[in-house]
Amino acid sequence: MAAPKLELRPLGNTGLKVSSVGFGASPLGSVFGPVSESDAVASVREAFRLGINFFDTSPYYGGTLSEKMLGKGLKALGVPRNEYIVSTKCGRYREGFDFSAERVTKSIDESLERLQLDFVDIFQCHDIEFGSLDQIVNETIPALQKLKDAGKIRFIGITGLPLDIFTYVLDRVPPGTVDVILSYCHYSINDSTLEDLLPYLKSKGVGVISASPLAMGLLTELGPPDWHPASPKLKSACQAAAAYCKEKGKNISKIAMQYSLSNKDISSVLVGMNSVKQVEENVASATELALFGKDQETLYEVEAILKPVKNQTWPSGIQRS
């Protein structure tokens, strides 16, 4: 029996159908350790072969390296441009934040050159909580609207950590102006607060991308990187949950991935990948979920371990460049 093809889900009102697992290209910028060009290209090719059609990057990741590597990977696919969906970002750069109309307008041309593309499908304001939200509403988004009219971008998005930034902006722009939101670390086993926002986002016709189902490394056997901003209590609870899974012959990352993929109101779950092996593991999680459903028993135990720290978030801004 052939493995089911990765599910494609509608992205809000855009008309796009994105793969339930999205390829997060930040690791291609060697953000979490060196990645060779051949590994980067091989990862992109394998992702596409296994049914991933959605690729997300930013000029901020690896100081533009991620975009360049992703561009090489996409070019190597040698397939028509309409077969994959690319999202990049503006406003956050290695040298700092700049959401001015002038900077974001220049930003798209730089990104297109690095990605070797004529347009991107989604152009997102990156981590808007670090800028002025009123500037985003009154200056940045109107500038992106012009880029849309010029055919350089197809849809407009906003990203960030605190969930209230999304309602703030969406309540202040004309309906249909913002097409997509990208939220991270708010739809994983330890924090599912994004769920409360889903009906609102649906009512606005906005597509929802949820990134970091592994909570930036908390829900892994290896554990989070040193710079992870979670509290010691949250870290140790996640460590205990990972140890429990391991003892039972299960992998917490797969349980976490399947938890995030189970909510069909989230169009794509974005995971950082930098090797063919990681791509295969993430797609296998989705394939197994489609065939056999969630491992309810293990999930129930993990949720019980994490209950005392459920929905504990952390302040924005402690991130490596």
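Reader: How many aromatic pairs does a search of the whole structure find?

Author: The search finds five. Rings of Phe, Tyr and Trp (its six-membered ring) pair if their centres lie within 6.5 Å; planes under 30 degrees apart are stacked, over 60 edge-to-face, and the rest tilted. Y60 and Y61 make a tilted pair, 6.4 Å centre to centre with 55° between the planes. This is a predicted model: local features need pLDDT of at least 70, side-chain atom pairs count only at pLDDT 80 or more, and totals for chains, interfaces and linings use all residues. Residues are numbered from 1 along each chain as its sequence is written, and side-chain values use heavy atoms, leaving out hydrogens and water.

Reader: Are Y60 and Y61 buried or exposed?

Author: Buried means under 20% relative accessible area, exposed over 50%, partly exposed in between (1.4 Å probe, protein chains only). Y60 is buried at 6%. Y61 is buried too, at 17%. Y60 also has a charge over its ring.

Reader: Which charged end sits over the ring of Y60?

Author: A charge sits over a ring if NZ of Lys or CZ of Arg is within 6 Å of the ring centre and within 35 degrees of the ring normal. Here it is R92, 4.2 Å from the centre of the Y60 ring. R81 sits over the ring of F119, 4.2 Å from its centre.

Reader: Which parts does the pair of F97 and F130 tie together?

Author: Helices (H or I, at least four residues) and strands (E, at least two) are DSSP runs, numbered from the N terminus. F97 lies in strand β7 (residues 96-97) and F130 in the loop between β8 (120-125) and α4 (133-149), so the pair joins parts 33 residues apart in sequence. The pair is stacked, at 4.8 Å centre to centre and 20° between the planes. F97 is partly exposed at 33%, and F130 is partly exposed at 32%. Ring pairs link F97, F99 and F130 into a cluster.

Reader: Which residues have the most contacts inside the largest nonpolar core?

Author: In soluble globular proteins, nonpolar side chains tend to be buried together. A nonpolar core is a set of buried Ala, Val, Leu, Ile, Met, Phe, Trp, Tyr and Cys residues joined through side-chain atoms within 4.5 Å. The largest has 103 residues, and F23, F55, I158, V169 and L201 have the most contacts inside it. α4 gives the most to this core, with seven residues.

Reader: Where does Q124 lie?

Author: Q124 lies in strand β8. Q124 is buried, at 0%. A polar contact is a pair of N or O atoms within 3.5 Å; within protein, one must be able to donate a hydrogen and the other to accept it, and residues adjacent in sequence count only if both atoms are side-chain atoms. One of 2.7 Å joins the side chains of Q124 and S87.
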